[in-house]
Amino acid sequence: LFDVGRDELKPGADEVLAELVRVLNTPTGRHLNILVVGHTDDRIVTKGSASDEYPDNFHLSVRRALTVSGRLQELGLASERMGVAGVGQHQPIAPNLTDEDRKKNRRVELFVMAADVPVIGWTETTPELY
């Protein structure tokens with residue numbers, strides 16, 4: 001979904017995100033929450049202004065998650081139904097040995113959860129926690 005060192009969505013992402021928002025805003029889906037988790041490959045952020053914007057892969061992964069959550073909001077998903085996290089390069093789905101593998105690791109994962117699943121910060125799901 002992302003070019004090296006960038007947080008802009010590639011073409012085609014809007015169609016997928018719009019469909020997700022449509023489903024989440026149906027009567028059946030309106031009680032679901034979403035956790036948006038950004039990822040990077042294992043390359044150190046060094047290209048041009050990217051290193052000025054993102055001092056490390058954690059910052060870049062969070063920006064990717066924020067980009068997706070922002071787009072979901074623009075498409076009509078309420079912000080209070082979302083959480084955002086970034087894990088940098090630490091949870092790869094491919095070994096980072098080839099350009100093709102690294103592309104797989106530059107991603108955002110969307111975890112759709114029932115309203116009663118406890119997510120830190122969502123006190124309405126775990127009032128006894130606080």
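Which residues is Leu-77 in contact with, leaving aside its neighbours within four places in sequence? Hi everyone, let's start there. This is a predicted model, by the way. With those neighbours left out, Leu-77 is in contact with Val-21, Leu-24, Asn-25, Ile-34, Leu-72 and Met-82.

Now for the core that Leu-77 belongs to. The largest nonpolar core has 13 residues, and the members touching the most others are Ile-34, Val-36, Val-68, Leu-72 and Leu-77. The top contributor is α1, with four residues.

So let's look at that helix. Which residues of α1 are buried? They are Ala-13, Leu-17, Leu-20, Val-21 and Leu-24. These five cover an arc of only 100° around the axis, so they sit on the same side of α1. As for their partners, the buried residues of α1 pack against β1 (32-38), α3 (57-74) and β3 (108-114).

One last stop, for those of you who like backbone torsions. Most residues other than glycine have a negative phi. Asn-96, though, has a phi near 60°, a positive value in a non-glycine residue. Where is Asn-96? You'll find Asn-96 in the loop between β2 (82-86) and α4 (99-105). Is Asn-96 buried or exposed? Its relative accessible area is 9%, and with the cut-off for buried at under 20%, Asn-96 therefore counts as buried.

Thanks, all!

Definitions and conventions: Residues numbered from 1 in each chain as written. Predicted model: local features only at pLDDT ≥ 70, side-chain atom pairs only at ≥ 80, totals over all residues. Heavy atoms only, no water. Helix = DSSP H or I, 4+ residues; strand = E, 2+ residues; numbered from the N terminus. Buried < 20%, exposed > 50% of the residue type's maximum accessible area, 1.4 Å probe, protein only. Arc of directions from axis to C-beta. Contact = heavy atoms within 4.5 Å. Core = buried A, V, L, I, M, F, W, Y, C linked by side-chain atoms within 4.5 Å.
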